[in-house]
Amino acid sequence: MGRAMGLAGLLLGLFLVPAVLVSTSLRHGAPRAEPTPEAAEWELASGAVPEDSLWPLPQWLRTSPRQLQLAPARFQLVHGAGSSAGPACGLLQDAFRRYYEYIFGQSRRRRRSRRPPGAQAEPELSQLQVVIESRDPGCHSHPHLASSEAYHLTVTEPVAILKADEVWGALRGLETFSQLVHEDDYGSFLVNESEIDDFPRFAHRGILLDTSRHYLPLKSILTNLDAMAFNKFNVLHWHIVDDQSFPYQSIYFPDLSDKGAYSHNHIYTPADVRLVIEYARLRGIRVIPEFDTPGHTQSWGRGQKDLLTPCYSGEQPTGSFGPVNPILNTTYDFMTKFFKEISSVFPDAYIHLGGDEVNFDCWKSNPEVKKFMKKQGFGIDYAKLESYYIQKILDIVSSYNKGYIVWQEVFDNKAQLKPDTVVQVWMGNNYAHELSSVTGAGFTAILAAPWYLDYISYGQDWKKYYSVEPLNFPGSEKQKKLLIGGEACLWGEFVDATNLTPRLWPRASAVGERLWSSRNVTNLQDAYRRLTNHRCRMLRRGIAAEPVFVGYCAHEARGQ
């Protein structure tokens with residue numbers, strides 16, 4: 001059946017492939033039905049068939065068996081006629097250099113085989129012309145939630161055309177084009193004639209990195225921004241500080257990192273932060289910082305006197321401290337100045353304010369806090385005190401014209417939230433019910449609960465992440481539209497620079513396709529074949545992604 005379809009396709013020439021079967025290759029036939037890859041499939045990790053390595057899968061693809069050749073000495077990535085962007089668009093110029101290197105720079109075979117005598121040379125593709133159609137291409141701006149990442153790619157002789165409304169769509173299209181190009185056994189670079197129409201299913205597709213439990217060197221963060229771009233993620237949720245350390249070097253409050261970081265070397269200077277933001281911007285990635293309060297703040301207290309609540313045993317202070325002290329005016333004076341700085345340092349429209357896992361024991365032990373509770377009429381409901389604090393922080397942040405994201409407990413504890421609050425759902429016990437509640441109350445939501453990648457297990461756990469359907473929760477169509485996307489979270493208790501990248505990739509790639517591709521892209525066998533090839537490509541590009549299963553990559557060679 002599969003071979004017959006392949007022959008029919010060859011006879012028909014250009015044919016239409018449904019999104020769910022788009023990677024079904026003319027050479028490989030239909031996707032296999034076995035639940036576990038057979039030994040014969042192990043070799044597919046090396047596959048050079050382009051449709052078998054697209055990741056995430058585009059929304060719509062038409063492909064042809066006709067191949068075009070790209071000559072590295074002649075092929076060009078250029079601005080097309082009528083584009084609103086030109087050579088002055090540094091973002092695209094940078095992307096052209098980068099993607100030329102991705103396409104040709106990691107040539108996987110040093111020793112070439114000789115082409116058989118009489119073999120016919122393929123027609124040549126000389127250019128990829130990039131056309132930005134919006135009046136303001138976005139070259140010098142930062143990506144945001146409503147940015148357009150849609151693109152249309154046509155690959156035909158002699159010139160391929162990539163059209164996008166904004167530069168962000170062009171970046172995604174360049175990644176797809178680079179994935180279509182493959183190298184044959186003779187060292188030729190080939191691409192099948194194709195047409196792709198593509199856009200993301202969800203607008204918020206994030207990776208959470210934790211730089212407090214273990215400090216992550218700048219190089220590790222930048223490497224993972226590259227990997228995010230290869231997987232079409234568009235948000236770095238930077239959980240920059242926590243109980244354990246405060247590596248963010250504040251301009252207004254330098255003591256926070258001087259006394260709260262692991263050491264003077266384990267910090268992110270203002271220049272480091274600017275570099276991360278710009279490196280991300282050039283790849284169409286937003287940087288959303290998280291400064292989690294009132295809990296998770298032990299490291300803050302080392303550099304900011306009287307910020308944390310003193311804990312008591314009876315009438316005596318114990319010398320230990322709990323969450324941020326919510327009853328002092330000085331707390332809010334500090335937060336007003338601190339978040340003014342954060343609002344200017346991080347250009348994104350959103351700041352993540354945390355609000356999760358607040359332990360009330362210390363507040364309950366403190367006589368001053370108890371007096372304040374009585375005065376406010378809170379009784380013994382400390383969730384009301386938490387909400388009192390959170391509402392003040394929300395008011396401070398919104399005064400700087402920033403939106404905010406909070407963890408689900410802030411919603412669960414009935415804090416009065418502004419209508420534009422984004423609630424991140426992370427508790428795994430019944431996240432569908434939580435999504436239903438959050439969106440039912442009219443709030444925008446982000447899903448993280450099924451994608452905590454710090455939980456590891458033997459076997460191919462990517463399948464579990466891949467099989468999640470984010471919209472499988474009770475609610476109306478209006479509610480479903482309030483789920484703007486999701487995040488794969490890699491908490492850092494057991495993760496540092498030595499294992500960050502292989503633990504994250506390609507497991508996070510499964511989340512990337514779920515958040516980008518069409519809802520009906522669910523075939524695990526098809527995904528396995530493409531993911532193994534995609535993982536090999538990430539290796540060629542310098543991303544130390546762990547294996548998906550048994551197999552090999554074609555670029556691996558003895559002595560290299």
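The following dialogue examines selected local features of a predicted model.

Tutor: The model is predicted, so local features need pLDDT of at least 70 and side-chain atom pairs count only at pLDDT 80 or more, while totals for chains, interfaces and linings use all residues. Residues are numbered from 1 along each chain as its sequence is written, and side-chain values use heavy atoms, with hydrogens and water left out.

Student: Which residue does a cis peptide bond join to Pro158, and what is omega there?

Tutor: Pro158 sits in the loop between β5 (151-155) and β6 (159-164). Strands are DSSP runs of E with at least two residues, helices are runs of H or I with at least four, and both are numbered from the N terminus. The cis bond joins Pro158 to Glu157, with omega about 0 degrees.

Student: Where is Pro56 placed, and what is omega for the peptide bond from Trp55?

Tutor: Pro56 belongs to the loop between β1 (15-17) and β2 (60-70). The bond from Trp55 to Pro56 is cis, and its omega is near -10 degrees.

Student: Is Lys232 buried or exposed?

Tutor: Lys232 lies in the loop between α4 (218-230) and β10 (235-239). Although Lys232 is not a glycine, its phi is positive, at about 60 degrees. Buried means under 20% relative accessible area, exposed over 50%, and partly exposed in between, for a 1.4 Å probe and protein chains only. Because Lys232 has a relative accessible area of 1%, the answer is buried.

Student: Is Asn401 buried or exposed?

Tutor: Asn401 is in the loop between α11 (382-398) and β15 (403-407). Its phi is positive, about 60 degrees, although Asn401 is not a glycine. With a relative accessible area of 71%, Asn401 is therefore exposed.

Student: What is the relative orientation of α2 and α3?

Tutor: Two packed helices are described by the angle between their axes and the distance between the axes. Axes are lines fitted to C-alpha atoms, for helices over the stretch in contact, and angles run from 0 to 180 degrees between N-to-C directions. Helix α2 (residues 90-104) and helix α3 (residues 167-180) pack at about 10 degrees, with axes 10 Å apart. Angles under 35 degrees count as roughly parallel, over 145 as roughly antiparallel, 65 to 115 as roughly perpendicular and the rest as oblique, and α2 is therefore, relative to α3, roughly parallel.

Student: How do the residues of the contact of α2 with α3 divide?

Tutor: Contact means heavy atoms within 4.5 Å. Residues of α2 including Leu91, Phe96 and Ile103 meet residues of α3, among them Trp168, Leu174 and Phe177. Ala, Val, Leu, Ile, Met, Phe, Trp, Tyr, Cys and Pro count as nonpolar, Asp, Glu, Lys and Arg as charged, and the others, Gly among them, as polar. The division is 12 nonpolar, one polar and two charged.

Student: What is the relative orientation of α4 and α6?

Tutor: α4 packs on helix α6 (residues 270-281) at an angle of about 10 degrees, with the axes 10 Å apart. Among the α4 residues in the contact are Leu218 and Ile221, which meet α6 residues including Leu275 and Val276. By this angle, α4 and α6 are therefore roughly parallel.

Student: Which backbone nitrogen does the side chain of Asp210 reach at 2.9 Å?

Tutor: Asp210 is placed in strand β9 (residues 204-210) and is buried, with a relative accessible area of 2%. A polar contact is a pair of N or O atoms within 3.5 Å; within protein, one must be able to donate a hydrogen and the other to accept it, and residues adjacent in sequence count only if both atoms are side-chain atoms. A polar atom of the Asp210 side chain lies 3.0 Å from the backbone nitrogen of Ser212. At 2.9 Å, the side chain reaches the backbone nitrogen of Gly492.
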